[in-house]
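Here are my notes on the model you asked about. Take them point by point, with the picture open beside you.

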Amino acid sequence: MTINQLSVFIENKSGTLVKVLQLLKQANIQIIASSIADTAEYGIYRIICSEPAKAYDELKKAGVAVALSDVFAIELDNQPGRAAEAVECLSNAGISIAYMYTFLFNGKGILIFRTDNADKTREVITLNGLRFVTEKDLSLWS
Amino acid sequence: MSRDEMSDLQGKRLHKIVEYVYHNVPFYRNKLQEMDIRPDDIQTIEDITKLPFTTKKDLRDNYPFGLQAAPQSEIIRVHASSGTTGNPTIVGYTRKDIGVWSECMARCLTAYGVTRDDIFSVSYGYGLFTGGLGAHYGVEHIGASVIPAGTGNTEKHLKLIRDLGITGIACTPSYALYLAETMEKMGISKDQIKLKIGAFGAEPWTEQMRQEIQERLGLKGYNLYGLSEIMGPSVSYECQEQNGSHICEDHFYPEIINPVTLEPVPYGQPGELVFTTLTKEGMPVLRYRTRDLCSLMSGTCDCGRTAIRMSRITGRSDDMLIIRGINVFPSQVESVVLSMPEFAPRYMLVVDRVNNLDTLQVQVELRQEYFTSTMDTPAAIDELEKRLSSRLKSVLSIAAKVQLKAPNTIERSQGKSAHVIDKRQL
């Protein structure tokens, strides 16, 4: 129901992002989607990738501040308005979204997000007939 | 007073104070007995070199009242200054001590030219810090009108400076520059205010700062030195010559020592400043090592005063920082950082001066294992930073901005000073 996301704490300093990317490259990890939550002094780099557990271990070994977290991933038709409808379902149920990012994958729009209430989110997604994306889906397509 | 008369007075007072602490402070009695010194061995001021030193550590080890000589019923006020670790230094004053302090402070102000006709604003912090009340009592002693402005609320303060025709001010030199800046922003020109005397102290400052303050506020700025372990502001003061600070040496006997060998250093040569309180009742100290580096000047000043002068403080023989007038030790930051498991035991203090106000940034490293899935939002990281900064604030008494660094990015320090980057260039 959820997929693994890597979160990496990086300082706003040149060279910090490239270090993380190089480590992933060396481990032969493919990045499927990523986004950076930036503040004035640091960023949190969030990554959906192939073999997240392996990627996590490699970064950890290299001393990087990395966390493996569960995020929701749903698949939407690539048409205007679909994201609005999906988020509206969550909003109507009183669920707050902590963060969200989207990407196009195999002709579909993928919505990655985390909320303040995982159980309720799962319920709302199922009730509204929204389609979960699994890590397997992502690996099959890639 | 001639030098001979002063030495004679100092010798008599030294004998009395040694006798007093010998009988009233077990810490000193034990020390003197260990060194096989009896009060009667101390008869002249030259005998002072036989006496043991007192350090900040001694004050800390005897927290809170271990070095107090007077019974609590005689103590009418208590001040506190920050210590190198959790415990502040507690200083109790008897009624006589407050009288001596006011008298010495009045001496300082008189040397600056303050009279009963002045309206004088005290803009040091009031409270446990000795600056506010110390200066306040001196101004009252002279009979000038004291405006207990304290710190903060700078615009209202400037309005009062203009509207009341305030003629003198006591504050930190960096606050004086901040006042000048705020004044310019408010559109008040220096012709609209009547400030003519500034008593600046509680932090190191340079001749260039003096020139700038004098120019922008249209006053004459004088150094005011003191430390709570000895008394508070009033220990020494500049006269109209602005050439070294005269020490109230009938109450606070100065020496300069080599901080490594602890041997006395002759006049004119730099070293660590040491004070013995000659008349204090509440918490007298023998040969207290201030850690301030400076030199002493003998000879009659052009103003006519014969009292010994001390040069500007050129540095510290320890790692203490003075930030916005508050003493900060890197070890205080260390104790806070170590108390929170989220951070590695590495840190860096970055001190700067922005718009004439000191700033303190504390850089800490996030421990790898504490960056978990619940920490992967800026809100969670900010909350962690806030927890650290509020603990720092309660220990340091000043606000510090926390900057979180990635694991293993702060250099492992070699020695204490490696924990500090001071960009202020004082």
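1. Which domains does the assignment give for chain B? Domain 1 covers 90-318 and domain 2 covers 326-422; such bounds come from an automatic or database domain assignment. Before going on, some housekeeping: this is a predicted model, in which local features need pLDDT of at least 70 and side-chain atom pairs count only at pLDDT 80 or more, while totals for chains, interfaces and linings use all residues. Residues are numbered from 1 along each chain as its sequence is written, with chains lettered from A and ligands numbered from 1 in the order in which they are written.

2. How do the two parts of chain B meet? The C-alpha centres of domain 1 and domain 2 of chain B are 32 Å apart. Four residues of domain 1 of chain B are in contact with five of domain 2 of chain B, where contact means that the C-beta atoms, placed from the backbone, lie within 7 Å. On the domain 1 side of chain B, the touching residues are two nonpolar, one polar and one charged. For these classes, Ala, Val, Leu, Ile, Met, Phe, Trp, Tyr, Cys and Pro count as nonpolar, Asp, Glu, Lys and Arg as charged, and the others, Gly among them, as polar.

3. Now the two chains together. Their contact takes 16 residues from chain B and 19 from chain A. On the chain B side, the largest share is three residues, from strand 20 (residues 401-405) of chain B. By class, the chain B side has seven nonpolar, seven polar and two charged residues.

4. Look next at the nine-stranded open sheet of chain B, with the order 4-3-5-6-7-8-9-14-13 and mixed pairing; strands pair if DSSP finds at least two bridges between them. Strand 4 (145-147) and strand 13 (296-297) of chain B are the edge strands, each pairing on one side only. Within the sheet, strand 6 (residues 197-201) and strand 7 (residues 220-227) of chain B run parallel and are joined by five bridges, and A199(B) stands opposite Y222(B) in strand 7 of chain B. Helix 5 (residues 130-142) of chain B packs on this sheet, touching strands that include strand 3 (119-122) and strand 8 (232-238) of chain B.

5. A second open sheet in chain B has four strands in the order 10-11-12-15, with antiparallel pairing. Its edge strands are strand 10 (252-257) and strand 15 (315-316) of chain B. Strand 12 (residues 288-294) of chain B pairs with strand 15 of chain B over two bridges, and R316(B) is the bridge partner of D292(B).

6. How do helix 6 and helix 7 of chain B pack? Helix 6 (residues 154-163) and helix 7 (residues 173-186) of chain B make an angle of about 80°, with their axes 10 Å apart; axes are lines fitted to C-alpha atoms, for helices over the stretch in contact, and angles run from 0 to 180 degrees between N-to-C directions. That makes helix 6 of chain B roughly perpendicular to helix 7 of chain B, a label used for 65 to 115 degrees, with under 35 counted as roughly parallel, over 145 as roughly antiparallel and the rest as oblique. Among the residues making the contact are L158(B) of helix 6 of chain B and M183(B) of helix 7 of chain B.

7. Last, back to chain A. Strand 4 (residues 66-77) and strand 6 (residues 108-115) of chain A pair in the antiparallel sense over six bridges, and A73(A) stands opposite I112(A). Strand 5 (residues 97-105) of chain A is joined to strand 6 of chain A by eight bridges.
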